[in-house]
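Look at the model below.

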Amino acid sequence: MNLPAASTASLATNSLEQHWMPFTANRDFKASPRLITRSEGMYLWNQNGERLIDGSSGLFNVAAGHGRREIADAVHAQMLQNDYTAPFQLGQPASFALAAKLCGLLPEPFNHVFFTNSGSESVDTALKMVMAYHRARGQSQRLRFVSRERAYHGVNIGGVSLSGMVRNRETFPVVMPSVVTIRHTWDPDQAFTRGQPERGAELADDLQRHCETYGGATIAAVFVEPIAGSTGTLVPPKNYLERLRAICDRHGILLVFDEVITGFGRLGAPFAADAFGVMPDIITMAKALTNGAIPMGAVAASDEVYETVTNAAEGTAIEFFHGYTYSGHPAACAAGLATLRIYEEEGLFKRAADMSAYFLDAIWSLRDLSVIRDLRGYGMMAGVEVFPEDGKPGARGNELQKRLFWNGCHVKWTGDTAIVAPSFVAERAHIDEIIDCLRRTLDDI
Ligand SMILES: Cc1ncc(COP(=O)(O)O)c(C=O)c1O
């Protein structure tokens, strides 16, 4: 469809047809487009010049707020200094500087970082690291991977294989064959639990059952999002992650935390591993690593994983046959370094921790709305779930996302759950504004 001239004044094109948009109902969107033409701090501006508050910090990645000049300046300076260096058998200072900074932020024993360009690439990289690790230890029989129902691990074939979201899999049946799932942890009987549910740790024993069915020594790794994000903020029950860790240890299975959403302060601590006090063997990350300004992901490996893989190779041989043309791109590294500096100088992770109680109180204030089915939350991340329309799961969520946009708020919906996750620069008044818009919109459906 062609946009009316008035709304295209500042756009380079007046046609939306050519761009096949991701995870978007293209025909519906192009019939009634929602475009953002400017962003700053907690706000976005649409094609009509109307202001919206960003209730999901983009896709939970713009943790320090939009339009951070420090990041733009750092990227600009890096591009003028050195725009690109081939990353294989050659290096450039910014990637080493960023890796060192990240390792300073990560819990012990994570002292090694592999760079990617997205969360999906991080997940696929982690899968290969796991395979390389077991091969190096002479345990190539560990071919089976375990993930969870309702998991989201990105869109590459490895991540889709681990996915527990039916719509992300059904069109793509030919994926990695040897993935088995354990149950998700959402329990309707514990609806409206704030923080970690009391009951449900025993769901981790599904992993033990797989060990008994297939043999623990055939399982390579378990992938979990510490809080399942993309199916609507499913907070793990108390002692659940601890129990997964214990079963992994018993059987020599690696535990991978996919921290693409939970990393970088979202839970009020640098990583979910810190927040929940459970150490995995590998951590995937992306999103807030560059505050959303430049695509970048990373995978942190424990000393044990890194040293096992590197020490197994002969002499000067390449140890890990994996990498991307844009692994550790100088511009992304500059953005990452500037972002981590902002987090540190502005104490944003502490700010997220301090703001969490106010934020969750505000979310729970929606409880009286008749459309609300459940509220979940931890740190600066909440799930606001509404009852589905009869026989049409996801339709109401889709409609609400659009109505919220025109009512002045961007919130990402997944099925019938809104994922509310403001940036850490949010003031109380910003949170009030997001909640007010949610209340007005949800009350009217
Ligand atoms: C837990 C998790 N893993 C992986 C991904 C994929 O990241 P990306 O969209 O950057 O590929 C996401 C994205 O939301 C995610 O939430």
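Of the 14 residues around the ligand, S118, G119, S120, G154 and V260 come nearest. A residue counts as near a molecule or strand if its C-beta atom, placed from the backbone, lies within 6 Å of it. Helix α5 (residues 119–136) gives the largest share of this shell, three residues. By class, the shell holds five nonpolar, seven polar and two charged residues. Here Ala, Val, Leu, Ile, Met, Phe, Trp, Tyr, Cys and Pro count as nonpolar, Asp, Glu, Lys and Arg as charged, and the others, Gly among them, as polar.

The model is predicted: local features need pLDDT of at least 70, side-chain atom pairs count only at pLDDT 80 or more, and totals for chains, interfaces and linings use all residues. Residues are numbered from 1 along each chain as its sequence is written. Helices (H or I, at least four residues) and strands (E, at least two) are DSSP runs, numbered from the N terminus.

**The sheets**

Two strands pair if DSSP finds at least two bridges between them. β1 (residues 36–40) and β2 (residues 43–46) are antiparallel and share four bridges. They form a hairpin with two residues between them. In the turn, G41 has a positive phi of about 60°. Which residue of β2 stands opposite R38? It is W45. I36 stands opposite N46 in β2.

Another open sheet of four strands runs β11-β12-β15-β14, with antiparallel pairing. Its edges are β11 (372–378) and β14 (412–414), each pairing on one side only. Neighbouring strands here are turned by 20° against each other on average, direction ignored. β14 and β15 (residues 417–420) pair over three bridges. W413 has A418 in β15 as its bridge partner.

**Helices across the sheets**

Axes are lines fitted to C-alpha atoms, for helices over the stretch in contact, and angles run from 0 to 180 degrees between N-to-C directions.

**Helix pairs**

Two packed helices are described by the angle between their axes and the distance between the axes. α13 (residues 395–407) and α14 (residues 428–443) have axes that come within 10 Å and cross at roughly 125°. The two are therefore oblique to each other. Angles under 35 degrees count as roughly parallel, over 145 as roughly antiparallel, 65 to 115 as roughly perpendicular and the rest as oblique. L400, R403, L404 and N407 of α13 meet C437, R440, T441 and L442 of α14. Two residues are in contact if their C-beta atoms, placed from the backbone, lie within 7 Å. This contact of α13 with α14 has four nonpolar, two polar and two charged residues.

α7 (residues 205–215) and α8 (residues 240–251) pack at about 20°, with their axes 8 Å apart. That makes α7 roughly parallel to α8. L207, Q208 and C211 of α7 touch L244, I247 and H251 of α8. The contact of α7 with α8 has four nonpolar, two polar and no charged residues.
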